[in-house]
Amino acid sequence: MSIFLLIFVGVVAGVLSGLGIGGGVILIPALTMFFAQSQHAAQNINLLYFIPTAIFALIIHAKNRKIETKILPMMIVGGIIGAVAGSIIALNMQGDVLRKIFAGFLLVMGVAELAKARKQKTPQIEE
């Protein structure tokens, strides 16, 4: 494994994490394609990677008062429930199925973002 490629992937994923996009979009495919990690291992690495990067991003966003504290408790409860459920599901799923679900998720999100960007560029005619 090239240490420089690992650091580069980490930096790119970290920038995306700091932007709030999620570094896993880069980190998981990079770990499976370039570093021969299984899908389960890549997703577990992503979860551990997320902790320190999220802490630093949270500190910066909190300092700049960019966190909606009213909805935060409900989101945390929902996130914990979803994380437990998702972990149980992922552990009982074959790696190739998990990879296909992740790829499908990325595809759907990409198409949705392209559609949103296209809609925003379309000039609105007012009557």
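**View 1. Crossing of helices α3 and α5.** In this predicted model, the axes of α3 and helix α5 (residues 95-121) approach to within 8 Å and cross at roughly 55°. An angle between 35 and 65 degrees is neither roughly parallel nor roughly perpendicular, and α3 and α5 are therefore oblique to each other. On the α3 side the residues that take part are Gln39, His40 and Gln43, and these meet Gly95, Leu98, Arg99 and Phe102 of α5. Sorted by class, the residues of this contact comprise 2 nonpolar, 4 polar and 1 charged.

View 2. Glutamine 39 belongs to helix α3, where its relative accessible area is 2% and it counts as buried. Because the limit for a buried residue is under 20% relative accessible area, the value of 2% places glutamine 39 in that class. When residues up to four places away in sequence are not counted, glutamine 39 touches Ile28, Thr32, Gly95, Leu98, Arg99 and Phe102. Of these partners, Gly95, Leu98, Arg99 and Phe102 belong to the α5 side of the contact between α3 and α5.

View 3. With a relative accessible area of 19%, glutamine 43 is buried, since the class takes in values under 20%. Leaving aside neighbours within four places in sequence, the residues in contact with glutamine 43 are Ile28, Leu98 and Phe102. Ile28, Leu98 and Phe102 are likewise among the residues that glutamine 39 touches.

**View 4. Packing of helices α1 and α2.** Helix α1 (residues 3-19) and helix α2 (residues 24-34) have axes that come within 9 Å of each other and cross at roughly 160°. As angles over 145 degrees count as roughly antiparallel, this crossing makes α1 roughly antiparallel to α2. The contact is formed by Leu5, Val9, Val12, Ala13 and Leu16 from α1, together with Ile26, Leu27, Ala30 and Phe34 from α2. In terms of class, the contact of α1 with α2 holds 9 nonpolar residues, with no polar and no charged residues.

**View 5. Two loop residues with positive phi.** Alanine 36, in the loop between α2 and α3, has a positive phi of about 55° although it is not a glycine. Its relative accessibility of 70% means that alanine 36 counts as exposed. Arginine 65, which is found in the loop between α3 and α4, likewise has a phi near 55°, a positive value in a residue other than glycine. The relative accessible area of arginine 65 is 76%, and this residue is exposed.

**View 6. Isoleucine 3 in helix α1.** Isoleucine 3 is placed in helix α1, and with a relative accessible area of 53% it is exposed. That value falls in the exposed class because the class begins over 50%. Isoleucine 3 and leucine 47 are 44 residues apart in sequence, and their C-alpha atoms are 20 Å apart in space.

**View 7. Lysine 70 and its separation from isoleucine 21.** Lysine 70 is exposed, its relative accessible area being 73%. Along the chain, lysine 70 and isoleucine 21 are 49 residues apart, and a distance of 21 Å separates their C-alpha atoms.

**View 8. The whole chain as context for the close-ups.** The protein chain has 5 helices and 0 strands, and the order read along the sequence is α-α-α-α-α. Its radius of gyration is 17 Å, well over the 14 Å that the globule rule gives for 127 residues, so the chain is more spread out than a compact globule. The C-alpha trace spans about 60 × 35 × 35 Å along its principal axes. Buried residues make up 17% of the 127 residues, and the chain exposes about 10,000 Å², of which carbon and sulfur atoms supply 72%. Among contacts between residues at least 6 apart in sequence, 52% join residues that are at least 24 apart.

Methods
Residues numbered from 1 in each chain as written. Predicted model: local features only at pLDDT ≥ 70, side-chain atom pairs only at ≥ 80, totals over all residues. Heavy atoms only, no water. Axes fitted to C-alpha atoms, helices over the stretch in contact; angles between N-to-C directions. Helix = DSSP H or I, 4+ residues; strand = E, 2+ residues; numbered from the N terminus. Parallel < 35°, antiparallel > 145°, perpendicular 65-115°, else oblique. Contact = heavy atoms within 4.5 Å. Nonpolar A, V, L, I, M, F, W, Y, C, P; charged D, E, K, R; others polar. Buried < 20%, exposed > 50% of the residue type's maximum accessible area, 1.4 Å probe, protein only. Rg over C-alpha atoms; globule rule 2.2 N^0.38 Å. Areas by Shrake-Rupley, 256 points an atom, 1.4 Å probe, with all protein chains shown as cover.
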